[in-house]
Amino acid sequence: MDTLSITEIWRWLKWLPKYVLRKIFTPKRLSDLVLFDVRARHDSVSVNLCEHPTCDIWFQIVNMTPYEIELEAAEFIFICAGVEIKIQHVKREVYKSGAVASLHVREDLPEGKANSIAKYLRDNNSSIDVHCDFSCSLHRFSKATHRLEGVSVKYSNGSMRRTGVPII
């Protein structure tokens, strides 16, 4: 017996009128069909504490809806070694139905936050809160993922800030 993916099954429903589809695919249902997490491989979250400190986060987005969705805006709150870092993402990105895609965000860190992270980076107790606003042909909807915990952060150049060695 052949197996069909969810998106292939939903293609058969496209003949239904939009008002029926809006009842089936409510904003909550659409939100539930978008999976959002930190990318599983390599260095998905890294903090570079060099002279110009930055943090980079790679996310994975899986669009299990039968519609092409557009990421309109996103806000990420990254708790790193007890320091809160807010990252705004306003670049619009489109994800086709059934797509598994990556989203990269980067934020420059103020010196004070970088120094605090360097001081407490051994306590790798990090988490990420995510709030994304999406739209598709049926609805606008939001996806909130609270406390993505167990985030493994790769730190670089932290020893230079801890030891007081001047950063050149």
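E111 touches E51, P53 and R161, leaving out residues up to four places away in sequence. Touching, or contact, means heavy atoms within 4.5 Å. E111 and H52 are 59 residues apart in sequence, yet their C-alpha atoms are 8.3 Å apart in space. This is a predicted model: local features need pLDDT of at least 70, side-chain atom pairs count only at pLDDT 80 or more, and totals for chains, interfaces and linings use all residues. Residues are numbered from 1 along each chain as its sequence is written, and side-chain values use heavy atoms, with hydrogens and water left out.

E111 sits in helix α4. Helices (H or I, at least four residues) and strands (E, at least two) are DSSP runs, numbered from the N terminus. With 40% relative accessibility, E111 is partly exposed. Buried means under 20% relative accessible area, exposed means over 50%, and partly exposed lies in between (1.4 Å probe, protein chains only).

Which residues of helix α4 are buried? They are A114, I117 and A118, in a helix that spans residues 111-120. Seen down the axis of α4, the buried residues fall within an arc of 100 degrees, so they line one face of the helix. The arc is taken from the directions from the helix axis to the C-beta atoms.

Beyond its neighbours within four places in sequence, I117 is in contact with V47, L49, C80, A81, V83, I85, L109 and Y155. The largest nonpolar core has 46 residues, and I117 is one of those with the most contacts inside it, along with V47, F59, F76, F78, I85 and I128. Strand β4 (residues 69-80) gives the largest share of this core, 6 residues. Such a core is a set of buried Ala, Val, Leu, Ile, Met, Phe, Trp, Tyr and Cys residues joined through side-chain atoms within 4.5 Å. In soluble globular proteins, nonpolar side chains tend to be buried together.

Next come the rings. The structure holds 5 aromatic pairs (Phe, Tyr or Trp rings, the six-membered one for Trp, with centres within 6.5 Å; planes under 30 degrees apart are stacked, over 60 edge-to-face, the rest tilted). F25 and Y67 pair edge-to-face, 5.9 Å centre to centre, with 85 degrees between the planes. F25 is buried at 2%, and Y67 is buried at 10%. F36 and F76 are stacked, 6.2 Å centre to centre, with 25 degrees between the planes. F36 lies in strand β1 and F76 in strand β4, so this pair ties together parts 40 residues apart in sequence.
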